[in-house]
Amino acid sequence: MAVGLLIQYAVGLWVSVYVTVPARDQGGGVLAAVGRALANGPASLAVHAGLGLLLLLGSIVLVVRAVADRVGFFVVTSVVSLLAVQDKTGRSAAFVNNGQDGASLTMGLLTAVALLCQLVNLFRLSAPHRGSGQPMR
């Protein structure tokens, strides 16, 4: 997830600087914006949208796994990461719909929040559990 978020961030920067969203793609809701981005391109926008959907799915999986393992710390950080990715998806649709620069900035900041949560999870998982010498699960 952390690597995916970094790639998404880089592709998002590319899209925000070098891609103009076609006027025909503006207007509509989240699903319409994602569908138009995937179907009509440009290619970098389609890659960005597809990766965003994969990250949303991956975030949901992490929350489910954290809840199943019943480790409160990971539940909280995974839910915060999911909410950031989910809100980013909505902001992405707003950006496709109206091209507002503020939506682009918010997408970058939300990606940073999700990435921070994932890095904290990785750090916590790699830390030895007290008394056992084994990483915490």
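Just after helix 3, Arg70 adopts a positive phi of about 55 degrees. Helices here are DSSP runs of H or I with at least four residues, numbered from the N terminus. The 27 residues of helix 3 should span 39 Å at 1.5 Å a residue, and its end C-alpha atoms agree, lying 39 Å apart. The expected span is 1.5 Å times one less than the number of residues. The model is predicted: local features need pLDDT of at least 70, side-chain atom pairs count only at pLDDT 80 or more, and totals for chains, interfaces and linings use all residues. Residues are numbered from 1 along each chain as its sequence is written, and side-chain values use heavy atoms, without hydrogens and water.

Two aromatic pairs were found in the whole structure. Rings of Phe, Tyr and Trp (its six-membered ring) pair if their centres lie within 6.5 Å; planes under 30 degrees apart are stacked, over 60 edge-to-face, the rest tilted. Trp14 and Tyr18 form a tilted pair, with centres 4.4 Å apart and planes at 45 degrees. Both residues lie in helix 1, four residues apart, about one turn of the helix. Trp14 is partly exposed at 49% relative accessible area, whereas Tyr18 is exposed at 57%. Buried means under 20%, exposed over 50%, and partly exposed in between (1.4 Å probe, protein chains only).

The rings of Phe73 and Phe74 pair edge-to-face, with centres 5.4 Å apart and planes at 85 degrees. Phe73 is partly exposed at 31%; Phe74 is buried at 8%. The charged end of Arg124 sits over the Phe73 ring, 4.2 Å from its centre (CZ of Arg or NZ of Lys within 6 Å of the ring centre and within 35 degrees of the ring normal).

Terms used
Helices (H or I, at least four residues) and strands (E, at least two) are DSSP runs, numbered from the N terminus.
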